[in-house]
Amino acid sequence: MKPNKFLIIRGTSISTGFLGFLFLTVSFFFSACKKPEHFVGKEYKEASSDLSVLYFEADASINNGIDFTTDSVSVNGELSERVTWYVTFRGLSSGAVKKIDGLSQIIDPSEAKWGGDHDPSTLRFFQPGEQVVAELTFLNSSVVRRDTFSIKKIKKFKGDVLFNGFENALGYYSWGNNYLFFNETDPLSNPANPMTFVMDNKLFVEGKQSLSIEGADNDNTYFIGGARTFMPDGGSKYINFQSLNPDSVYFNAYIYGFANYPNTRVSIGVAEDDNTNGIFQPASEDVWEFAVKINWTGWRLVSVKYSDFATSASRENGGSGNKRKELDRIKQITFNILADPAGNKASYLVDFPIITYGEPFDPTK
Amino acid sequence: MRKNFLFVAILAITMVSMVEAQTVYFNGLGRAIVTNDNLKGLALDPDSLNSIPDTANARKSTGGYTLFDLGVNAQPGENLRASAILRVQNAFGGFYGDGSFLQFRQLRLDGVLNKVVKYEIGDIDLGMTPYTLYNFSEMYHDYEADIFAIRRSIVQYENFNFGNKWRLQGFNANTALKFEKGIEKIGVSAFATRTRRTNFMDLPDRLLVGGQVGLTQSKYFKVGFNYVKFFDVINSVQSPVVKNFNNEVMTGDFRLTYDFADKVETALYGEVGRSQFSYDTANTAVANDDYFYDLGISAKYKPLDIKVFASYRYVGAYFSSPSAQTRRIYDFGTPAVFPEIGNNVSYGRLPILYDRFTDDNIRNQSIQAGLMAYLPQYNAITPYGMATPNRKGLTAGISAGGEEKIYSADVIIDMLSEVSGEGTNSDNNKREFFGAKGGASLSLNKIVGFEKALVLTGGFRYENVSRVDNAIDFSSLLLDAGITAEVIKQFDLMAGYKRLSAKGNEFLSVRDSYNLIVGYQAYQIDAKQDILAFGVRYRFSRNTFFAVQGLWVNYDDNVAKFNNYKINQAFLSYTMVF
């Protein structure tokens, strides 16, 4: 019988075993393959040329301004057709933006709600007292409708805000059931290295100002200084947290890096009163630190778990404690500025430092 | 006297032995470029339709640089070679070398272990199949004029676009096992590279590893297995916000060839595979897997050098292969020449056709985890190469001739559609794609018997995208024409023309960091771009030449005429390769 040309190659035949292997291989690839979906991605429908807005309102009950600590903005509307719609809330003072969207003919106020958060891409937080424009737009249409209202109180994000967000920096500010102290005239500083910190009302993320820290490492020790918030010495008062589990406590802050200060390192320092005598003693008690070199320009949200903090490298200043992370005896929290490499100038801004629990800070929640 | 003679002889022998034991050779490239650009158009004109004339941006710019890449290759033994390319570059405007910089452009060690395993360490160029590891070309330009090819070759050199390989940093090893009967050989290769270094804060190290096993049974039958894994190294950072990315692609490919009567060479070929993707954060986990297949057949009539081919492919909507789907160009990048137009500084000039083959700045050199945004006028059908997800259909074509022949020509037709509709839940929800591209290159001198070169080139690419529901109707046409005439020995006159026109509407997908579609951007265009170029080139040798060109670039937006502008450029280049 004449051999089949396609199976006999150079006098040898492809073994059935090999063909079986090929069949199994191909079968494997298709074995778990699912039937393709009818459509992928978020469903949308573009507006027709006849689209009209029958009714649009951003919560008619708002008269004196929305209080986001107790309430949310509901959007109400009716359209001439089922279409993809977008409602963009834009703060006229802050520039903050929040966008919600849907695909429907009726904009249902029970579903189209805004609780005062903002889109992370724009970074900015909404401000108390500012006017907000709610703008209704559609996919592939020039039809626009607007409504305006004001914000009486901004959203209270989950967590505890440190330094009062640098809005009212001087003196005491509330912290849970306690009060913390931040004195901008009493920074933590290295006497050999000049350092300044001032409130910056031009670059900020939340509220109307941020904290600017700047200095020079003249003595080549890396450390320039820092801004600290603390419980006063004495007594048994400590900075209390909603959790004592270091894996659940997150330190978050927005840090601004300057392109012309590429040698800046920021560190968050947490000082513990290990022996609970009411006083933090740097030579014999712990300071836990998290340091990061600023290698970006502009604002960036930095989040870190307390369990990822490392012990201070200085034995005289927080490196000689009991080496246990104890959140029930925190006396001070500091934003430090360092030069990296040593001997350089450094500068950064910090805004909205907040402690969160269970997860990093999420401005959309 | 006799002792002195012996000393000199021994010294000479020793030096010769040292030189022979360690060979050092040099290669490299030198280049000088000068450009002078002039910007005009309604976008700047105070009397234009734009009520706010541009008073902020420059109308002229001059630039250029000299650079010298010195390649040093040291081969201390027959099994090891170390090579480095040291670059010295001086931008024009620097005085007496001010503004010069020195950098290592490439470092590599390669060699052979035990005469069995070849290896490379350092800066390496890697490529596999179009669905696994492949650096696909940014746009169709097979038959563009030589005068444009000169510019494109500069940009490709600067961005390490050598063929369809990716320039990566890592390690690669390969070996081949040969057999005496049954199987000709089995080739095995493996690589490991790092595509992103951790920032020690919230971005972990990202690695690309993989390998191939290829079995060559004979010149008639080959089969292979390919694997690529692109992933984040868990715990290379301790951060609660870190996202752990993992993507694996496994494919098998084969090729069966057979000659009929030594005149017709037929081939049956294909590749089939699947991908698995997952992306985890502290709060979210996204995972998807999908598959593809691509099967083709070809036949070549050898006496006339004519080949016909057809293939059918299916690429699932969730097929994810970053090392094959990453684009070479940022369509929304910032061009180096006239980056802004208009008083509104947030309105940056988007790169146009001219920037795509002249501008280094808008090129991407790193493999991206997500699908990059793109503009449909430059590639609407396969914006992510052959591995573009959510495509199925037929590709067919015919080609004739070849590079060393009197002519070469081809035509390729694509008739594809989406596998799943995008965002549209109805019966007519899938995009249909039709594409036709091709061209010809003709060496007239070989036909008429001239000694000096006279080459004509012409090419085209037409693309159309349509959809019934959430209607889409988009088409673009790219035309290329060129001539190169060697008027006296080694001295060429060159001319070239490119035109890209695009009209219609599309919906551009907006994807999140998990590559899922979360929104759409309505896109409308009715614009054309023309590039006309004339120039001369003197060829000192095959790779050393001096070229002067003038380019006239026109961007016409038929809808928003105040966006129209022209760029006129004078370009000088001296390139030396040794």
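Colleague: What share of the 365 residues of chain A counts as buried?
Modeller: In chain A, 39% of the 365 residues count as buried. A residue is buried if 20 or more other C-beta atoms lie within 10 Å of its own, exposed if 12 or fewer, and partly exposed in between, with C-beta atoms placed from the backbone. This is a predicted model, in which local features need pLDDT of at least 70 and side-chain atom pairs count only at pLDDT 80 or more, while totals for chains, interfaces and linings use all residues. Residues are numbered from 1 along each chain as its sequence is written, and chains are lettered from A and ligands numbered from 1 in the order in which they are written.

Colleague: How many helices and strands does chain A have?
Modeller: Chain A has one helix and 24 strands. Helices (H or I, at least four residues) and strands (E, at least two) are DSSP runs, numbered from the N terminus.

Colleague: Take β18(A). How many of its nine residues are buried?
Modeller: Eight of the nine residues of β18(A), residues 249-257, are buried.

Colleague: And which strand does β18(A) join through eight bridges?
Modeller: β18(A) runs antiparallel to β24(A), residues 345-357, with eight bridges between them. Ile255(A) has Val350(A) in β24(A) as its bridge partner. β18(A) also pairs with β21(A), residues 298-305, in the antiparallel sense over eight bridges. Two strands pair if DSSP finds at least two bridges between them.

Colleague: What about the largest nonpolar core, how many residues has it?
Modeller: The largest nonpolar core has 94 residues. Ile255(A) and Val350(A) are among those with the most contacts inside this core, and so is Ile213(A). Such a core is a set of buried Ala, Val, Leu, Ile, Met, Phe, Trp, Tyr and Cys residues joined through C-beta atoms within 7 Å.

Colleague: Which residues is Ile213(A) in contact with, leaving aside neighbours within four places in sequence?
Modeller: They include Phe197(A), Ala227(A), Phe335(A) and Val350(A). Two residues are in contact if their C-beta atoms, placed from the backbone, lie within 7 Å.

Colleague: Where is Gly269(A), and why does it count as buried?
Modeller: Gly269(A) is in strand β19(A), residues 264-272. Gly269(A) counts as buried because it has 21 C-beta neighbours inside 10 Å. Not counting residues up to four places away in sequence, Gly269(A) touches Gly226(A), Val287(A), Glu289(A), Thr334(A) and Asn336(A).

Colleague: Domains next. How is chain A divided?
Modeller: Chain A has domain 1 (53-153) and domain 2 (160-357), with bounds from an automatic or database domain assignment. The centres of the two domains, taken over C-alpha atoms, are 37 Å apart. Four residues of domain 1 of chain A and five residues of domain 2 of chain A take part in the contact.

Colleague: Over to chain B. Why does the span of helix α2(B) agree with what it should be?
Modeller: Helix α2(B), residues 146-158, has 13 residues and should span 18 Å at 1.5 Å a residue, and its end C-alpha atoms are 18 Å apart, so the two agree. The expected span is 1.5 Å times one less than the number of residues.

Colleague: Which residues of α2(B) are buried?
Modeller: Among them are Asp146(B), Phe148(B) and Val155(B). What covers the buried residues of α2(B) includes β19 (472-488) and β20 (491-511) of chain B. Just after α2(B), Phe160(B) has a positive phi of about 55°.
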